[in-house]
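Please look at the structure shown here with me.

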Amino acid sequence: MWANRHNSASLSDTDSIPDNPASDGYDDYQLEEYNESEESVKGDGRLTAEQERDKLQILLSESTQEIKRLRELAAENNRLTIGVVGGIGRCKHWTNLLASWVREELFPKVKFVTGDYDLEMREPDSIAGAVRYHFPSLRNGTDEEFESFWFTYKCDINKIMSEKRNAVSTSIRKGFKSKFKMRCRACCWLPVPNNT
Amino acid sequence: MLLASCSKQYLIIKTGMVEDGKLQFLSRNTIVQSRTEPPDVGKVEEHPFIILVNYIFSRVVKYGDYASQKHKKNMASIMTVSDEAYALLVLENSWDVWTQNYTTGDTGNEIAGSDGGSGVLVKCLYTNHGGVGKRYGGWETKGYARFNTIYDQVEHLRESANSIALESMFMNMQKKDTNVTKMGGKK
């Protein structure tokens, strides 16, 4: 259809149409629209287009600055939220609560926390989910409050777990040693090797 | 020389079990399989599982829970699979080093040779090999893998009839001890 109409127009109206490149291959409606827009541009002159471009550039720069300002506000808001939950820096009360929870509840079930991946999961059976479920104030709070809390205290989990592992290992070593000593005293007439 | 050989003999944990006319010793390679030994062989107090519970497993769980519940509940309900697996892992890891330390009284990691000179260098199996977390023991990746293996073994062994019989035997033993203690207290 386009080829047919293009051919017919070129054959019949070539002389009547002035030097208008848009006339080739366009129907009447499109041609009228193009002419109107061309006229509006031409009517306002080249300065209007430049002015519009300048206006757009100014608007763009203003919106960019606005986005930057909003981002800074959001970051500030995050910092304030973290400050409210964790107190100034850290809250000793929460540190102790979390430490006792890790020693008594988490350690019997989990012995090693390998990397940050285990701490970033949010499923109900994950470590973060268990922490949130255990403490009512976290359970009843919002997600944002918990995230800010977890951001501050998640690094404590691995540290407390390591300390507990070390304490258990030391205790086992003492049990091993005591068993040796007892056997020697009970069964052997030779003196106990002095290793204390 | 006699003292050294005798102390070495007794510094291996001796169990009350007899096999082929010889006393069995608890060693690094047999601690994981302690639940597989039949309960009615040898002295009850010197069964490998009882020794491990009395001296090792009781130190992994919270002492208050263990002391108050050992004559009421089975060990499987007092101590989690993870606790038991970790205790076995720690024992297996440090067995050679501790044996050497408590045999010779040295705190270093070198075993004295037969001629009195320095012998083979003893190291823990899964820790202190210059890993990242050296401060708290520095468990290596093969240590994690071994922990998972022991965990599966313990979980499987806990369901066996032999293991259940051992646990009930230990509970009955603790009940008797508790009754004796109470009677002594009344006097």
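Q: What is the mean pLDDT of chain A, and how many of its residues reach 70 or more?
A: The model is a predicted one, and in it the mean pLDDT of chain A is 71, with 61% of its residues at 70 or more. Among the elements of chain A, helix α1 (residues 2-12) has the lowest mean pLDDT, 37, whereas α4(A) has the highest, 90.

Q: Which stretches of chain A should be read with care, given a pLDDT under 50?
A: One of them is residues 1-26 of chain A, where pLDDT stays under 50 and the model has 9 contacts beyond four places in sequence. Another is residues 182-196 of chain A, where the pLDDT is also below 50 and the stretch has 17 contacts beyond near neighbours in sequence. Where pLDDT is low, the predicted coordinates should not be read in detail.

Q: How does chain B score, and which of its elements have the lowest and the highest mean pLDDT?
A: Chain B averages a pLDDT of 75, and 67% of the residues score at least 70. For the complex, the predictor gives an ipTM of 0.80 and a pTM of 0.66.

Q: What elements make up chain A, and what elements make up chain B?
A: Chain A has 8 helices and 0 strands, while chain B has 7 helices and 4 strands. Read along the sequence, the elements of chain B follow the pattern α-β-β-α-α-α-α-β-β-α-α. Of the 196 residues of chain A, 13% count as buried, and of the 187 residues in chain B, 34% do.

Q: What makes the buried residues of α4(A) line one face of the helix?
A: The buried residues of α4(A) are Leu98(A), Val102(A) and Leu106(A). Seen down the axis of α4(A), they fall within an arc of 40 degrees, and therefore they line one face. An α-helix has 3.6 residues a turn, so residues three or four places apart point the same way. On the other side of α4(A), the exposed residues are Lys92(A), His93(A), Asn96(A), Ser100(A) and Glu104(A).

Q: Why can the span of α6(B) be said to agree with its 18 residues?
A: At 1.5 Å a residue, α6(B) should span 26 Å, and its end C-alpha atoms are 26 Å apart, so the values agree.

Q: Which residues of α6(B) are buried, and why are they placed on the same side?
A: Gly143(B), Arg146(B), Phe147(B), Ile150(B) and Val154(B) are buried in α6(B). They cover an arc of only 105 degrees around the axis, which puts them on the same side of α6(B). The face turned away from that buried side carries the exposed residues Thr141(B), Ala145(B), Asp152(B) and His156(B).

Q: Why is Thr80(B) called partly exposed?
A: Thr80(B) has 18 C-beta neighbours inside 10 Å. A residue is buried at 20 or more and exposed at 12 or fewer, so Thr80(B), with 18, counts as partly exposed. Thr80(B) lies in the loop between α4 and α5 of chain B. Leaving aside its neighbours within four places in sequence, Thr80(B) is in contact with Pro108(A) and Lys109(A).

Q: Which residues touch the most other members of the largest nonpolar core?
A: Of its 36 residues, these are Phe57(B), Ala87(B), Leu88(B) and Leu91(B). The largest share of this core, 11 residues, comes from α5(B). Apart from this core lies another, of 12 residues, among them Ile127(A), Ala128(A), Val131(A) and Ile157(A).

Q: With which residues is Leu88(B) in contact, leaving aside its neighbours within four places in sequence?
A: Leu88(B) is in contact with Ile31(B), Val32(B) and Ile150(B).

Key:
Residues are numbered from 1 along each chain as its sequence is written. Chains are lettered from A and ligands numbered from 1 in the order in which they are written. This is a predicted model: local features need pLDDT of at least 70, side-chain atom pairs count only at pLDDT 80 or more; totals for chains, interfaces and linings use all residues. Helices (H or I, at least four residues) and strands (E, at least two) are DSSP runs, numbered from the N terminus. A nonpolar core is a set of buried Ala, Val, Leu, Ile, Met, Phe, Trp, Tyr and Cys residues joined through C-beta atoms within 7 Å. Two residues are in contact if their C-beta atoms, placed from the backbone, lie within 7 Å. The arc is that of the directions from the helix axis to the C-beta atoms. The expected span of a helix is 1.5 Å times one less than its number of residues. pLDDT is the predictor's confidence in each residue, from 0 to 100.
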